[in-house]
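Here is a short briefing on one protein chain. Please look over the sequence and the 3D view before reading on.

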Amino acid sequence: LNGNIKAMLQADPYSVNEWKVSNAEGIADEVVTVNLTLKNMESIVGAQCTFVMPDGLEYVEGSFMGVNRAASLQAAATLQGTNLTLMLYSLQNTPMDEGDEVVATFQCKLVGETGYYYLTPTEVVLSNKDLVNMVSATAQGRVYIKSPKLSCGTTWDMGKSPVTQQAVANFSVKNTGSAPLVIDHITFMAEGYEVLTALPLQIANGKSATLQVGYTGTIASNFGTTMNIYSNDPTNRMQLVTVSGQRYEPNGLDAR
């Protein structure tokens, strides 16, 4: 073909005004900071969005604030049930001019077990001074939690022991999670028991440890109690273990 060719071009141009949520990660029971980024071509005087908070994340009250271009704006947060609404606004309609950076942050306490927890912004408003919503795109973020997991038996036989000396036995525990496990303290529902292992006890992920327990009962008979193990496992803060054993007189017949 020779000559010029004419073509009709139709387009729908728009300005880029994006609201994005950053990723974060941490260990269970820690507090992490989530960044909110504004990439805008229009002058924005106010921003708002709502998150349905996942079960594994707790909003830290009073932690939402504007930073950088939004440092002078008012910041407000309301939590109704699981709905967290965040608002940035200017009483004088002071604009956030064109840019691409973090403009707000808030904090979450990590209360869930190992996994990804998504923060998807909904009902997003990026308002200009004429109260027109200029949002063109949004992007969700995710928080990755690493957590410990206590793995052990729920019953424990301490065996037979003479009443003339303290019964001592070892109980095995393992951390099958992805972060260090800390056993803070251990209690018993009966007298005469004590933990001989120094506490708190920290166990690296994937590793095992031994809890040494002593019993000083002086009556020849079967004995038993419940041992309560307290740890930072977010899904099992207190593990119950049924303990049993037998005490005998050393000068009697032992049918072992």
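In E11, which residue is the bridge partner of Gln 48? It is Val 125. The model is predicted. It has 22 strands and zero helices.

**Overall form**
- The radius of gyration of the protein is 30 Å, whereas a compact globule of 256 residues would have one near 18 Å.
- Along the principal axes, the C-alpha atoms fill a box of roughly 115 × 60 × 25 Å.
- Of the 256 residues, 39% count as buried.
- Among contacts with a separation of 6 or more, 73% come from residues 24 or more positions apart.

- Strands of a sheet pair through backbone hydrogen bonds, either parallel or antiparallel.
- Here four strands form an open sheet with antiparallel pairing, in the order E7-E8-E4-E11.
- The edges are strand E7 (74-80) and strand E11 (122-127). Each has a single partner strand, so one side of each is left without a neighbour in the sheet.
- Neighbouring strands of this sheet are turned by 10° against each other on average, direction ignored.
- Strand E4 (residues 46-52) runs antiparallel to E11, and four bridges join the two.

**The five-stranded sheet**
- Five strands form another open sheet, in the order E15-E22-E21-E17-E19, and its pairing is mixed.
- Strand E15 (155-162) and strand E19 (201-203) stand at the edges. Each has a single partner strand, so one side of each lacks a neighbour in the sheet.
- On average, neighbouring strands of this sheet are turned by 30° against each other, direction ignored.
- Strand E17 (residues 181-188) pairs with strand E21 (residues 222-231) in the antiparallel sense, over five bridges.
- Thr 187 stands opposite Asn 228 in E21.

**Cysteines**
- A disulfide is a covalent bond between the sulfur atoms of two cysteines.
- A search of the whole structure finds zero disulfides.
- Cys 108 is in no disulfide, and the nearest cysteine sulfur, that of Cys 49, is 12 Å away.
- Is Cys 108 buried or exposed? Cys 108 counts as buried because its relative accessibility is 0%, and buried means under 20%.
- Cys 152 has 21% relative accessibility, so Cys 152 counts as partly exposed.

How values were computed:
Residues numbered from 1 in each chain as written. Predicted model: local features only at pLDDT ≥ 70, side-chain atom pairs only at ≥ 80, totals over all residues. Heavy atoms only, no water. Pairing = 2+ DSSP bridges. Axes fitted to C-alpha atoms, helices over the stretch in contact; angles between N-to-C directions. Rg over C-alpha atoms; globule rule 2.2 N^0.38 Å. Buried < 20%, exposed > 50% of the residue type's maximum accessible area, 1.4 Å probe, protein only. Contact = heavy atoms within 4.5 Å. Disulfide = S-S within 2.5 Å.
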